[in-house]
Amino acid sequence: MTTGPHTHVTTRSTYELSHLQALEAEAIYIMREVAAQFERPVLLFSGGKDSIVLMRLAEKAFRPSRFPFPVMHVDTGHNFPEVTAFRDQLVERLGERLIVASVQDSIDAGRVREQTGPRASRNRLQTTTLLDAIAEHWFDAAFGGARRDEERARAKERVFSFRDDFGQWDPKNQRPELWALYNGRIRRGEHVRVFPISNWTEMDVWQYLAQERLEVPSIYYAHTREVFARDGMLYATNEHIQLMDGEVPFQASVRYRTVGDMTCTGAVRSTASTLAEVVAEIAANRITERGETRADDRVSDAAMEDRKREGYF
Amino acid sequence: MPAVSELLRVATAGSVDDGKSTLIGRLLHDTKSILEDQLAHVAETSERRGDGYVNLALLTDGLRAEREQGITIDVAYRYFQTGAAAGTATLDTGAASFQGGRKFIIADTPGHEQYTRNMVTGASTADLSIVLIDARHGVSEQTRRHAYITSLLRIPHLVVAVNKMDLVDYSQETFEAIVAEFTDWATRLALSDVSFIPLSALRGDNVVERSDSMPWYQGPSLLYHLEHVVIATDRDMDDVRFPVQWVVRPMSDEHHDYRGYAGQVAAGVIRPGSEVLVLPSGRRTRVAAIDTYDGALELAFPTMSVTLRLEDDIDISRGDLIAGADEPPIVARDLEAMVCWMSEQPMRAGGRYAIHHTTRAAKAIIDRLEYRVDVNTLERDTDAGTLELNEIGRVHLRSSTPLVVDPYARNRTTGSFILIDEATNDTVAAGMIRSAR
């Protein structure tokens, strides 16, 4: 035991991993654990940057085999067309199976009712579509790209996040998660949401996209778009959202930090048109990605916790 | 190739009183890891609650119940980074050289005795633990409990942060008395690297920057220590331990005969040609290749996730362990272990549980409880009949099938297990193997 001055060796040993290598190794381990412990997993893919990282991690975990699970997109019908096109190209290139669960189908079947008015969004309706699809396909584990740095409730969530047969999350009754020993035991009808990149930050994701030279949908880079201001955020004008009095569209150079439904995802002013410029912009940014661009989290202090309890992503 | 830096997992335990939240808040704030909307939210909530100050504990209390009750219930994970990991370096440096800075994952756990299980959970994956001592009060029951858990969980590095030095006039004598008292008591523990840092989280003394108020202290600030403590040598690089997680058999035309064993290296350095033992069968063979998505590797070491191909065609499945031929692990069904009980339902002596050890699942019967440890005094109660929630004790277990184990002191992966109640599927205990046969 010492209290005196410390001398530090600055040369690093050969047997050292970078933080991205360590995070990647952990995520690959988690994915293989799910493939081994569950009978019918599924990977939830939105076309956003986090799920693009998940797809690469699945390649790293399972190649030269196919993924031992399909990929599923919960399609609100209000997605950015650039993102939907990107989704189809990526899945096709990887040769994996894509399931599209459609919120429109849930509306047509009377499972959910469409909201009306200028603030109408299909964000919350997705939960029913997702849970119905999980039940229909008998999925027992669903990978998601959520990260603990995104939001307060998520900071408390386990990597293996248990859902009861109503799809509900009970934050006060979570299984302890020790070492790398993940308890995937469930009963029929229950399922587990699995978050392999729980320990990644927004910056880690962008650094990894750069390291792996992964493509992302074009809307993550600065582009000129017609937008309008609402609640301090910039929304793309589009057919799914009604303008309110005083909202005047204008042209601006923007990019998206997150990719969700067009009705609740805001853009940020930006001129960052390359990956390096985006990383530099994030390093200098002083506002969280969800705080800046997601209306769905602004409803209340516990908006995410409440939606997660119901079975949201 | 992006700039790279290391990952350090830190566990902190403590309650509001000893300034833990202030310390974490200070680290996050001074490394610019709290963003404006988060800070504004905390400030607004503090005011609404009438806290009278910006209550940084609200940053980590993520659940509605925690905010309502003003307590930390569960482990919260916080992330911050310095230097290259913070993304300030350019993306295309062309070399994978370390440029300083680290990424930190802080498992922030409540410190009270009724949350021992959360502390154990946070500690299980930590490289370093920070134990806080209030300089006015010296070594407390809570200090001893946290140090014991650090020792029990074999966290390789401990920082004893003697906080609130501003309230004892930055007294060297006070600091040294605490160091002496702690050091004397800690001889009973298995702590390998202990550093003492006098600081004031509130004033920022010795947290990020060295303090002018304590010229008698020649050591580093807390952040400097966290950035520079050497963790690469913490792992056992000598004896290979590779639990088989997943068998890769594509069975496609292109890879018709491919058979690989995927897993994460738990110890040792693996090279093509390395002689290995497959356990529990005991068959010997050599590593033919180390495969990854990015191509074959010349060596693999902890904690890399790789796929091994072997020279001989041996029947291997999930739960088997590939080990170095020298100093192999123990194949055993009888285990002596320390367990921390994590369930509201007390331990049932003679009870049957599911056991998960590395990638192997089996059944286990708890034959008997040898003793219960008083986590505050380290006294052993050999008359205890059971373990209740948050209690720690030594048990004897029998497994339904052979497990391939090491003592936990030797390897945290092959030495640890969890017990699961088969009726509820809840994880009810965390175990650390002392010996096996």
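Guide: Happy to. Domain bounds here come from an automatic or database domain assignment. For chain A that assignment gives domain 1 (19–204 + 303–310) and domain 2 (210–297), and their centres, taken over C-alpha atoms, are 23 Å apart. Keep in mind that this is a predicted model: local features need pLDDT of at least 70 and side-chain atom pairs count only at pLDDT 80 or more, while totals for chains, interfaces and linings use all residues. Residues are numbered from 1 along each chain as its sequence is written, and chains are lettered from A and ligands numbered from 1 in the order in which they are written.

Visitor: What makes residues of domain 1 of chain A and domain 2 of chain A count as part of the contact, and how many does each supply?

Guide: Two residues are in contact if their C-beta atoms, placed from the backbone, lie within 7 Å. Domain 1 of chain A brings 25 residues to the contact and domain 2 of chain A brings 23. On the domain 1 side, α2, α3 (81–94), α6 (202–211) and α9 (303–310) of chain A each supply at least two residues. Helices are DSSP runs (H or I, at least four residues), as are strands (E, at least two), numbered from the N terminus. Chain A has nine helices and ten strands.

Visitor: What makes a residue buried, and what share of chain A is buried?

Guide: A residue is buried if 20 or more other C-beta atoms lie within 10 Å of its own, exposed if 12 or fewer, and partly exposed in between; C-beta atoms are placed from the backbone. In chain A, buried residues make up 53% of the 313.

Visitor: Why are α1(A) and α2(A) called roughly perpendicular?

Guide: Axes are lines fitted to C-alpha atoms, for helices over the stretch in contact, and angles run from 0 to 180 degrees between N-to-C directions. Under 35 degrees counts as roughly parallel, over 145 as roughly antiparallel, 65 to 115 as roughly perpendicular and the rest as oblique. Helix α1 (residues 19–37) and helix α2 (residues 49–62) of chain A pack at about 70°, with axes 9 Å apart, and are therefore roughly perpendicular. Among the residues making this contact are I28(A) of α1(A) and L57(A) of α2(A).
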